[in-house]
Each structure stands twice: as structure tokens, then as C-alpha cells.
Amino acid sequence: MREIVIGAAQMGAIQRDEPRAQVVDRMLALLEDAAGQGATLVVFPELSLTTFFPRWWMEDQAEVDSWFEREVPGEATRPLFDRARALHVAISFGYAELTPEGRHFNTQILTDREANVVGKYRKVHLPGHDEYDQERAFQHLEKRYFEPGDLGFPVWRSQGAIMGMCICNDRRWPEVYRVMGLQGVELVMLGYNTPSVNSQMKAEDETKRLYHSELVMTAGAYQNATWVVGVAKGGIEDGHPLMAGTIIVDPNGFVVARARTDGDEMVVHACDMDACDFGKKTIFDFARHRRVEHYKRITEQ
Ligand code: CDT
């Protein structure tokens, strides 16, 4: 048995004027809760330090940049790293990354239990649009504020397991899980900010959107015999509802733990990485069963 007790740290809404320090205090409370329940890894949502700012149209680059972190750990996030190190708990969280070269990414990092950053992922599938869209009920400007990630979908060995990350919209793409699956991934960590309503289709309600979110994560888990931890930022943020639906999915595709609220809530489960072995050695033994000669279209434009 290779058990990792994992905390999925769902966060409630973060309002536009909520200072980073206050958000980090909320994250610290979640971290304490998880550590108290024996967790050695805590996963926070996409853009966990701020409101989901891509809903706002901004033309002033200085204003845009104010939502980004120039270094992590930095002034705002250092207390999180310090406490995680003291508790001996690894963390993974999303933030807007501004590199020294001036590049902008939607990023998630993973630390080891000593709070060293051991993995970094930059979101590849950026949804939405890059210009103001008057047809939409609200904006989703990720294509304006971020460039697509340039790191691919690597995996890392940590705590005796093979771990990978993706972010929000990435979870809807089977290729994401498969590229990590081909590297033997046993745990996929992801965070999301998903509006409860579709900005382009009034009839789509939250029930359908929660279903689609769960559908893609459970399918990704089963088809790659991996754990998936999907962590939401939920609640009414800047007047806009975000769906919750944080789940932990086992390698058979079953949801083994889920959030009950749309606020700050810790969901903990003891995940046995050995549970991935059966699927990886049988029906999803990729080396034996895949027929790559028929898959070329997947990587063509
Ligand atoms: N943050 C993010 O990627 N959200 C998207 C919403 C897409 S609507 C333009 C998601 O796939 O959940």
C-alpha cells in the first residue's frame, strides 16, 4: 500500500478587493485543517490567490500585471510555504505567473513536504477570447491575459508516487490525461474556476455544468488508471456565480470524496497509489494495447 492522504482545499469566492494576505490566511486555515486530518498533500484551486480576474476587461497593462505574482514564494505566499514546511505538508496551488522576461502564464506549482517547489505546470488550454465580446453575458478573457503554457504535461516523482497537474479547462481534454498517463501518472491534481452559467447559452444551468465537470474527471481517471483531485473555487465572486463540485476520483473512475458546500471546505481522502496498478497492467496497459498507427489525426492541425 502506498497511501497519500490528500486534502482537496476548495475555496469559496475571492472578491476583487480582497487582499492577497487575507486570501493566504484562508489558505492557511485550510492547510491546518488538512494537516490535522493527517494530509501530507493539499491541493488548492486555479488562481487561488485572487478573484478570477479574466472576467474583467482591462486595457492598462499595469493593472493587469497587478494580478500576477513575480516570484513564488514571494511576499504574499511566503507564510503558506513556511507553515507547510513546519507541518511537513506538500502543497499545490494555482496563481497568475509573470516571468522575469515579462511572460504571463496561468500556472500551478507542486512542492515537496519541505516546501521546495518540485513541479511547475502552465495551463495549455486557455478558454474564452482576447477582445471584448458584447454578445456574452460576461467576459472570459484568458486568451487576452495569458499565453498558452510552454511546459507540456510533465510528471514528477514525489511522496513515492508519479504526479502531474493540469488546470481547469485542461480537464475537459482527454489528451491531457493521456499524455500524463503515458508517463505512468498516478495522481492528477487540478484546480478550476468554472462559472455556474454559460456566458453564451442562457439555457445551460449549473446541474449540467457540474455533470460535465465530473464526467471528464471520472473518465480521465478511469481511462488512465489514475487518481484525479479536482478542486474548485466556488461561490458568488464579484457578483458572478462559480460552481463548486470539488471531488477526489479513484483510478476506477469513482468519486470517493466530494465537497458539500460552495465555500472554503477541506475534502480529505487517503489515496492508495497502488490502486492504479491493476488498470495500468490490464485494460489500460498502453504498451500492449494502443494502436498508435491510427491516432495520427490527433496531433495534426
Ligand atoms: N477557468 C477555466 O478554464 N474555466 C473554463 C470555463 C470556460 S467558459 C469560457 C472551464 O472549462 O471550466
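I began with strand S1 (residues 3-10), which runs antiparallel to S14 and is joined to it by eight bridges. As one example, I looked up Ile-4 and found its bridge partner in S14 to be Cys-271. I noted that strands are DSSP runs (E, at least two residues) and helices are too (H or I, at least four), numbered from the N terminus, and that two strands pair if DSSP finds at least two bridges between them.

The model is predicted, so local features need pLDDT of at least 70 and side-chain atom pairs count only at pLDDT 80 or more, while totals for chains, interfaces and linings use all residues. Residues are numbered from 1 along each chain as its sequence is written.

Next I followed the open sheet of six strands, whose order is S5-S4-S3-S2-S1-S14, with mixed pairing. Strand S5 (117-122) and strand S14 (265-272) stand at its edges with a single partner strand each, so one side of each is left without a neighbour in the sheet.

I then turned to strand S7 (residues 161-167), where six of the seven residues are buried (20 or more other C-beta atoms within 10 Å of their own, with C-beta atoms placed from the backbone). Strand S6 (residues 155-158) pairs with S7 in the antiparallel sense over four bridges, and the two form a hairpin with two residues between them, where Gln-159 in the turn has a positive phi of about 50°.

On S7, I found Gly-164 opposite Val-155 and also opposite Val-188 in S8. Strand S8 (residues 187-192) runs parallel to S7, and five bridges join them.

Note on methods:
A residue is buried if 20 or more other C-beta atoms lie within 10 Å of its own, exposed if 12 or fewer, and partly exposed in between; C-beta atoms are placed from the backbone.
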